[in-house]
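Biologist: I am new to this structure. Could you take me through some of its parts?

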Amino acid sequence: MLVVDRRLYERIQERLRRLYGAEVLPRLMDRLQLIIGRYGVGAECPPSASGCAPWDQTDAVLIAYGDMVCASQEAPLATLRRFLQQQVGTAISILHLLPCFPYSSDDGFAVIDYRRIDPALGDWPQVDALAEDYRLMLDLVINHVSSQSRWFRAYTNGMAPERHYFLEVDPQADLARVVRPRTSALLRPVQTPAGERHVWATFGQDQIDVDFSHPDVLFEYLDILLFYVHHGAQLIRLDAIAYLWKQLGSPCIHLPQTHELVKLLRDLLNLVAPTVLLMTETNVPHAENVRYFGQGDEAHLVYQFSLPPLLLHALHSGNGRYLSDWAAQLTPPPPGCTYLNFTASHDGIGVRPLEGLLPQAQLDGLIAAMEERGGLVSRRSNPDGSATPYELNITYFDAVGVPGDQATSIGRFLCAQTIAMSLQGIPGIYFNSLLGASNNLRGVEQSGRARTINRQKWALPELEAMLDASSTHQARRLLPEYLRRLRIRQAQPAFHPDGAQQVLELPAGLFGVRRLAPDGRQILWMLANLTGVPIQLGFGRLARRSRERRWVELIGGWRQSGDQPPSRFELEPYQVAWLVDQG
């Protein structure tokens with residue numbers, strides 16, 4: 001007999017009633033019990049309003065494709081594991097394995113079969129092995145499926161239940177209010193036994209949106225979710241979740257039903273697997289993004305989407321004003337929730353999250369600077385028919401760097417990465433950022449897709465040559481230092497994601513925060529020089545009675561010597577300092 005938390009069970013029941021009505025509720029609850037019975041009930045951590053204590057300062061997320069590293073005669077997933085064991089080790093604790101399922105486009109985000117591993121990558125045993133080394137995050141690509149999926153083929157043949165899985169729309173319908181992340185056509189014509197129909201395709205003609213207003217679709221994804229948990233996933237990323245629910249006459253983004261569905265997924269995990277965490281992916285302005293925390297009852301983690309472009313602007317302008325203003329107004333996440341602080345990912349650098357944060361003239365200048373560095377600009381359609389920038393397609397190393405000056409580029413890049421790992425939350429690191437990868441322009445030419453510029457895959461011998469002691473590639477200098485800073489970070493209680501954060505009032509060329517350990521036993525000051533010239537800062541700007549402290553800088557190893565403390569600290573160009581008092 002199943003034993004479940006009655007409060008959670010009743011909450012799920014109420015959410016299903018709100019979404020689908022009381023008439024079908026008994027049948028839906030029967031189906032829910034079948035799923036719970038299939039996958040069992042977890043007991044590792046009792047569900048509560050604030051959840052478990054699922055992270056600390058030792059955590060960092062590495063984002064990687066399953067075939068990021070390839071070697072002959074070996075499954076890429078096995079090669080990736082071997083490379084991580086040899087080169088990265090425990091500097092990261094969580095591996096976000098990007099979609100590793102059979103797919104037809106978008107490097108995995110047009111899923112053909114959610115329950116199989118792409119044979120070109122390996123099989124579930126290789127995924128299970130990665131889950132032994134790291135806490136595993138898998139994508140639930142929940143908004144759309146491949147046009148080559150069994151579901152869509154069954155729909156085009158009029159088969160049940162799949163004929164209800166997709167949203168048919170009259171092409172004459174008024175769709176002017178729909179918020180678009182692309183410039184492609186929103187509807188795709190398709191032939192069915194009932195004649196030509198038009199189905200919703202938010203992200204492109206090969207990625208067909210599913211219709212969550214039909215409960216059969218929901219239960220397909222509930223089963224897939226728990227199937228991933230069964231295979232060791234400890235974190236689930238909800239891809240493109242903001243566009244999930246559609247309602248004609250509305251913007252079709254962030255609808256109440258979408259938030260209700262995220263809460264339902266959270267409740268189900270609390271019921272069945274209470275240590276598993278949810279992360280939402282919503283590349284939108286900050287105020288919209290953080291709504292996916294709910295009241296601490298939706299996502300455990302949300303991306304800090306405003307951070308990458310603001311950091312980029314700060315380093316290009318040498319002015320931290322806009323970055324500081326944004327960081328100062330951040331509100332702490334609800335209990336049991338935190339941010340993922342990243343600079344780069346498999347996607348581009350979103351510019352929508354700059355809305356209301358950066359003047360248009362500053363944004364225009366930033367876009368021009370990226371184009372000068374070989375970057376591309378992807379656009380989205382607006383209701384008035386115009387197109388505006390949606391994301392910058394460029395590697396973060398090339399974005400932040402100075403063409404032709406490797407040393408300065410490395411310094412600026414490490415400055416950005418160290419700031420990101422200093423802020424309240426968990427660091428998120430894209431695999432290619434560890435290597436300081438440059439723009440993959442040849443890949444863009446071959447694929448015809450702008451995002452390929454930052455999705456380069458590597459042959460193992462190529463990586464080994466880049467990291468060899470005799471190599472002049474930036475990866476040779478960058479990777480060891482990046483990992484060293486992550487390991488220093490792991491030892492600092494003040495970097496606990498739940499530790500308090502205060503943005504310091506500093507001159508425009510500097511950015512800094514004060515971090516406090518949850519138990520109050522460590523205070524750490526992060527100072528970053530955003531300019532190409534040395535800057536001195538008085539210790540009195542950091543703390544009262546600063547002359548009574550014995551200052552230690554953790555990254556460079558500087559220590560206060562003698563009994564007479566210095567009154568000022570000098571930051572070299574693009575230097576980041578982690579200062580603590582070890583008196």
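Modeller: Let us start with an open sheet of five strands, paired antiparallel in the order E18-E19-E20-E24-E22. Strands here are DSSP runs of E with at least two residues, helices are runs of H or I with at least four, and both are numbered from the N terminus. Two strands pair if DSSP finds at least two bridges between them.

Biologist: Which are the edge strands?

Modeller: Strand E18 (500-503) and strand E22 (551-553), each of which pairs on one side only. From one strand to the next, the twist averages 25 degrees.

Biologist: How many bridges join E20 to E24?

Modeller: Five bridges join strand E20 (residues 523-529) to strand E24 (residues 576-581), and the two run antiparallel. Leu 524, for instance, has Val 580 in E24 as its bridge partner.

Biologist: Before we go on, what kind of model is this?

Modeller: This is a predicted model, in which local features need pLDDT of at least 70 and side-chain atom pairs count only at pLDDT 80 or more, while totals for chains, interfaces and linings use all residues. Residues are numbered from 1 along each chain as its sequence is written, and side-chain values use heavy atoms, with hydrogens and water left out.

Biologist: Now E16. Which of its residues are buried on each side?

Modeller: Ile 426, Gly 428 and Tyr 430 are buried on one side, and Pro 427 and Ile 429 on the other. Buried means under 20% relative accessible area, exposed over 50%, and partly exposed in between, using a 1.4 Å probe and protein chains only. In a regular strand, side chains alternate between the two faces of the sheet.

Biologist: What does E16 pair with?

Modeller: Strand E1 (residues 61-64) runs parallel to E16 and is joined to it by three bridges; Ile 63 has Tyr 430 as its partner. Strand E12 (residues 338-342) also pairs with E16 in the parallel sense, over three bridges, and there Leu 340 partners Ile 426.

Biologist: Changing topic, why is H17 described as largely enclosed?

Modeller: Twelve of its 17 residues are buried, so H17 is largely enclosed by the rest of the structure. Among the buried residues are Leu 478, Tyr 482 and Arg 485.

Biologist: And at what angle do H9 and H10 pack?

Modeller: Helix H9 (residues 307-317) and helix H10 (residues 321-328) pack at about 145 degrees, with axes 8 Å apart. Axes are lines fitted to C-alpha atoms, for helices over the stretch in contact, and angles run from 0 to 180 degrees between N-to-C directions.
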